[in-house]
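Subject: Structure for you to look at, with notes

Hello,

I am passing on a structure that I would like you to look through, and my notes follow below it. Please keep the structure open while you read, so that you can look up each residue as it comes.

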Amino acid sequence: MATLHTVNKTGQPLELCLRALNAGDSVLLLEEGVYALYEAGDVLSELLRHVAVHVLDADVLARGMTNRDNLDIDMIDYQGFVELTETNDKVVSWF
Amino acid sequence: MKYALAVYGAAGTGGQSSQTALSFARALLASGHEIIRVFFYQDGVHNASGLISPPQDEQNLPEQWQNLVKEHNIDAVVCIAAALRRGVVNAEEAQRYELPGSNLREGYELSGLGQLLEATVEADRFVTFGD
């Protein structure tokens, strides 16, 4: 059963989320969580090997950040957020 | 599908969860989904206050929420315990606690966590917007 994990902050919420992920799950970085794109130690590239990672475009743009072009991260809008909640059976929010 | 949402924050409470939840709710409705309940919890209860006046160059989230609730006839429930301690009350509670006034916006209901539990059971998807 696939789960969508939303993460709205880096730090503890992201770390706890990483421990709870199962293969086949998806992660959506939103709000302050989009700063994980530049997280030290590159948690993200490790993460990308195991699960699908998405970022919410409005929150990336609001912070003047661009998607890291060397990582294949899917930028989605709210419509895409809705679709992720359709395709996953449950949504867990880390905040 | 049937969705239920929980909103934990409001403008001025530190995060942006109210804005995110509102945008998500609009996208849900645009996709043809049904929102069976929005539960305003913790600091999220401020979204239901009629006494919030944001600066003019900022969005008025309480007003936008209320418009969405009205337009789509959404069951908008405000946690009563969270609301009372933050000064969000309807006329009935104002009278009960002998308060000088009430401020709960029209279209919202003060109720308990049982409504949150019920929403999680009845909905196909439950999404929490933590602040």
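To begin with one detail, how far does the backbone nitrogen of A:Glu31 lie from a polar atom of the side chain of A:Asp59? The separation is 2.7 Å, and please keep in mind, here and below, that this is a predicted model.

**Around A:Asp59 and A:Glu31**

A:Asp59 sits in helix H3 of chain A, which covers residues 57-62, and with a relative accessible area of 3% this residue is buried. Besides the backbone nitrogen of A:Glu31, the side chain of A:Asp59 also meets the other chain, where it makes a polar contact of 3.0 Å with the side chain of B:Gln16. If its neighbours within four places in sequence are left aside, A:Asp59 is in contact with A:Leu30, A:Glu31, A:Val34 and B:Gln16.

A:Glu31 itself belongs to the loop between S2 and H2 of chain A, and it is buried as well, with a relative accessible area of 4%. Its backbone has a positive phi of about 45°, although the residue is not a glycine. In chain B, B:Gln42 also has a positive phi of about 45° without being a glycine, and this residue lies in the loop between S2 and helix H2 (61-71) of chain B. B:Gln42 is partly exposed, at a relative accessible area of 37%.

**Where the two chains meet**

The size of an interface is often given as the accessible area lost when the parts come together. Chain A and chain B bury about 1500 Å² between them, and 54% of this is on carbon and sulfur atoms. Of the area that chain A buries against chain B, A:Glu31, A:Tyr78 and A:Phe95 supply 33%, which is more than any other three residues. Counted by residues, 17 of chain A are in contact with 20 of chain B.

What kinds of pairs join the chains? Between chain A and chain B there are 12 residue pairs in polar contact, with both residues at pLDDT 80 or more, whereas the count of salt bridges between these two chains is 0. On the side of chain A that touches chain B, helix H4 (78-87) and strand S5 (90-94) each supply at least two residues, and H4(A) gives the most, with 6 residues. Sorted by class, that side of chain A has 6 nonpolar, 5 polar and 6 charged residues.

**Salt bridges within the chains**

Side chains of opposite charge can pair when their charged atoms come close. Over all chains, the structure holds 7 salt bridges. One of them joins A:Glu32 to A:Arg63, with the closest N and O atoms 2.8 Å apart. This pair links distant parts of the chain, since A:Glu32 is in the loop between S2 and helix H2 (43-48) of chain A and A:Arg63 is in the loop between H3 and strand S4 (74-76) of chain A, 31 residues apart. A:Glu32 is partly exposed, with a relative accessible area of 40%. A:Asp59 returns here too, as A:Glu32, A:Asp59 and A:Arg63 are linked in a network of salt bridges.

In chain B, the side chains of B:Glu118 and B:Arg37 meet in a salt bridge of 3.0 Å, N to O. B:Glu118 lies in helix H5 (residues 114-122) of chain B and B:Arg37 in strand S2 (residues 34-40) of chain B, so this pair ties together parts that are 81 residues apart in sequence. B:Glu118 is partly exposed at a relative accessible area of 36%, while B:Arg37 counts as buried at 9%. A further salt bridge, between B:Arg96 and B:Glu92, has its closest N and O atoms 3.6 Å apart; both residues lie in helix H4 (residues 91-96) of chain B, 4 residues apart, which is about one turn of the helix. B:Glu92 counts as exposed, at 52% relative accessibility.

**Two strands of chain A**

In a regular strand the side chains alternate between the two faces of the sheet. In strand S2 (residues 26-29) of chain A, A:Ser26 and A:Leu28 point one way and A:Val27 and A:Leu29 the other, and all are buried. Strand S1 (residues 3-7) of chain A pairs with S2(A) in the parallel sense over 4 bridges, and A:Leu29 in S2(A) is the bridge partner of A:Val7.

With best wishes

Conventions. Residues are numbered from 1 along each chain as its sequence is written. Chains are lettered from A and ligands numbered from 1 in the order in which they are written. This is a predicted model: local features need pLDDT of at least 70, side-chain atom pairs count only at pLDDT 80 or more; totals for chains, interfaces and linings use all residues. Side-chain values use heavy atoms; hydrogens and water are left out. Contact means heavy atoms within 4.5 Å. Buried area is the accessible area (1.4 Å probe) that two parts lose on being put together, summed over both. A salt bridge is a side-chain nitrogen of Lys or Arg within 4 Å of a carboxyl oxygen of Asp or Glu. A polar contact is a pair of N or O atoms within 3.5 Å; within protein, one must be able to donate a hydrogen and the other to accept it, and residues adjacent in sequence count only if both atoms are side-chain atoms. Ala, Val, Leu, Ile, Met, Phe, Trp, Tyr, Cys and Pro count as nonpolar, Asp, Glu, Lys and Arg as charged, and the others, Gly among them, as polar. Buried means under 20% relative accessible area, exposed over 50%, partly exposed in between (1.4 Å probe, protein chains only). Two strands pair if DSSP finds at least two bridges between them.
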